[in-house]
Number of protein chains: 2
Amino acid sequence: MRVTKAKLSDVARIAGVSPMTVSRVLNGRGGASPETSERIRQIADELRYQPNALARGLKSDKSGIVGVVVPDIANPFFPEIIRGIENVAMQHGYNLLLCNVVESADREINLMRTLESQRVDGVVWCSARLPEKDLLKALESFKAAVLVNRTVPPQIAGSIMIDYRAGAADALRHLWDLGRRRIGIIAGPAASRGAMERLEGLRMVFAELGAEPVATVHCAPDVNGGMAASRELLGANSQVDGLICYNDLNAVGTLQTCEALGIRVPEDISIIGFDGIPLAEFVRPKLSTLHVDKYGIGQLGMRMLLERIEGKFVQHSIVIRPQLIARNST
Amino acid sequence: MRVTKAKLSDVARIAGVSPMTVSRVLNGRGGASPETSERIRQIADELRYQPNALARGLKSDKSGIVGVVVPDIANPFFPEIIRGIENVAMQHGYNLLLCNVVESADREINLMRTLESQRVDGVVWCSARLPEKDLLKALESFKAAVLVNRTVPPQIAGSIMIDYRAGAADALRHLWDLGRRRIGIIAGPAASRGAMERLEGLRMVFAELGAEPVATVHCAPDVNGGMAASRELLGANSQVDGLICYNDLNAVGTLQTCEALGIRVPEDISIIGFDGIPLAEFVRPKLSTLHVDKYGIGQLGMRMLLERIEGKFVQHSIVIRPQLIARNST
DNA sequence: GTGAAAGCGCTAACAA
DNA sequence: TTGTTAGCGCTTTCAC
């Protein structure tokens, strides 16, 4: 490891010019004769000079870093979003400070402090679980913010929403069209915004249909949560013939339960997930789901954040409509 | 959004003391009477003072940020590692600057410059694809570095290695014990270190056995890559009865091919993957694999990095041995 | 127990 | 075209 790092003044000294000139040249703002410029560039190269982002950030009050907060990076839903964010961020010279909340609200508050300390230029915050009041207070500290899966007044943050109501409604209608009448709900985390919205969408359609769900069970948004919830729902002589799951992970857990219990899918029961993660295609039967364009969400979110960082507020809110993909589990 | 951010001097002014005193108190280095300290803390709280990490970093030459580089965050192998890294990093007050290489060597070089500019305190670099010479040069710029899946001399970087040779050897012996004699290899990316090592392990065992692989095909390390490679291998009247895959994603792709081609697994052919990602348990048949403790790798890697950041070099290299998990695909 | 001065590396504003 | 001055927010050093 090299011991000392070249700084602007080193380049300047060797080139026999002032630091200011080096700064101008290296930042492409002219300010020197072609020959001087060339010499400066060459010396910078030889010295492997890399500007100190800390100093630059301190001076300019821009860190070049964007905070990304996700509840659980092990949930395949989020890496796709992150890729979308990174794709756009990179093109614009931003880096990603990634924070994994591990599904805990306490951590979220701490994280906010950290990100504030790091003086991130903005934040993309996915599936925030904080109560409204805390959330608003936390968001205050950022120059710009975009929420995924949550809304606040537009002057506080932009938002990318997934239309969970519509998605859940589609899921229910799909099962109903298939002749399923005894429908259960694996509803995900009780504290989740998205879970509530799905439930609202379902209630609406159930009302239209003059029907009611057989049962509703909350659970963690992962495979184990789905297994536990489905065991509860499909236990001794349940007559459930259709199951709407909070997400694909829950649905995969349900598939495991059905297999263990000898319940045939889709003959005895139809199962539908949500999100459209790759895994859904690889299980058997292939999982029907409401597909969400995660990469696109990431890109949109980051673009929206860029606008906000630059002080433009072209678009405050974008709603993504999930798309029903009927595969073999329904 | 609040317009101005409180700084140290604001707290000092209001508290009627010097910035220095505030600094000492807030950093828990005594330096003030209990009453003064209490007052300072309270004012800092009211002002929602958060220290500027840029300024602190500039002064102390420590950014509090650790760079994490992965080839593809959408590959479920890496989020687990990241979680492990974050878990330890967080406990020690470090944040993660995440960089997704998207499997491209050019990007790796650029990334290094960026991370250098950000003055990260260290780097955990997973599955670097850079040629040795470039890699060494790139690593020079960091105060501390740990590689996952690659080694360099210990003074350059620590390393967490997965014993791919042993793992691949186990895989082959497993298939052989099952009576498989016409074994093909889906070898992953030709440029990957890990791929080469697996191949070496296989060659060794093949030699012991006095046998040879029927065919070897390279491919991208994802499901599609596995599908393409397996179609090539299992095409018209292949007699392959065992397939060793670079990773679980490749193996899942192979499973798809077998299904499409009407090849029964494990009756007609045994298939084994590598990594032990969750997905492997959810496909049918359940995938046999060589399980790697990804979360543990992340933790170990970050701990090793911490030691290096602190100038200790207790351990230079750790080797993780993959564990054979025989499920239903073999 | 408390504070003043100086400087980390960079750049905006102004001078020459 | 080039350089000087000053300051971003913090902390180390030394003095009181």
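In strand β4(B), B:V148 is the bridge partner of B:C126. This pairing belongs to a predicted model, in which local features need pLDDT of at least 70 and side-chain atom pairs count only at pLDDT 80 or more, while totals for chains, interfaces and linings use all residues. Residues are numbered from 1 along each chain as its sequence is written, and chains are lettered from A and ligands numbered from 1 in the order in which they are written.

The pairing of B:C126 with B:V148 sits among 4 bridges that join β3 (residues 122-126) of chain B to β4 (residues 145-148) of chain B, two strands that run parallel. Strands here are DSSP runs of E with at least two residues, helices are runs of H or I with at least four, and both are numbered from the N terminus; two strands pair if DSSP finds at least two bridges between them. Helix α5(B) packs on the sheet, where it touches β2 of chain A and also β1 (65-70), β2, β3 and β4 of chain B. The direction of α5(B) makes about 170° with that of β1(B). Such angles run from 0 to 180 degrees between N-to-C directions, and axes are lines fitted to C-alpha atoms, for helices over the stretch in contact.

The sheet as a whole is open, with 12 strands and mixed pairing, in the order β11(A)-β5(A)-β4(A)-β3(A)-β1(A)-β2(A)-β2(B)-β1(B)-β3(B)-β4(B)-β5(B)-β11(B). Its edge strands are β11 (317-320) of chain A and β11 (317-320) of chain B, each pairing on one side only. Where the chains join, β2(A) and β2(B) (residues 95-100) run antiparallel and share 3 bridges; in β2(B), B:L97 is the bridge partner of A:L97.

The contact between the chains takes 41 residues from chain A and 41 residues from chain B, two residues being in contact if their C-beta atoms, placed from the backbone, lie within 7 Å. On the side of chain A that touches chain B, 21 residues are nonpolar, 10 polar and 10 charged. In this grouping Ala, Val, Leu, Ile, Met, Phe, Trp, Tyr, Cys and Pro count as nonpolar, Asp, Glu, Lys and Arg as charged, and the others, Gly among them, as polar.

Two helix pairs come next. Helices α5 (residues 77-91) and α13 (residues 294-309) of chain B pack at about 40°, with axes 7 Å apart. That angle makes α5(B) oblique to α13(B); under 35 degrees counts as roughly parallel, over 145 as roughly antiparallel, 65 to 115 as roughly perpendicular and the rest as oblique. In chain A, α1 (residues 8-15) and α2 pack at about 105°, with axes 8 Å apart, and are therefore roughly perpendicular to each other. Their contact involves residues including A:L8 and A:V11 of α1(A) and A:P19 and A:V22 of α2(A).

Both DNA strands can now be considered. A residue is near a strand if its C-beta atom, placed from the backbone, lies within 6 Å of it. Of the 25 residues around DNA strand C, A:K7, A:L8, A:S23, A:A55 and B:A32 come nearest, and α4(A) gives the most to this surface, with 5 residues. Around DNA strand D there are 25 residues, of which A:V17, A:A32, B:K7, B:L8 and B:A55 come nearest; here α4(B) gives the most, again with 5 residues. The surface near DNA strand D has 10 nonpolar, 11 polar and 4 charged residues.
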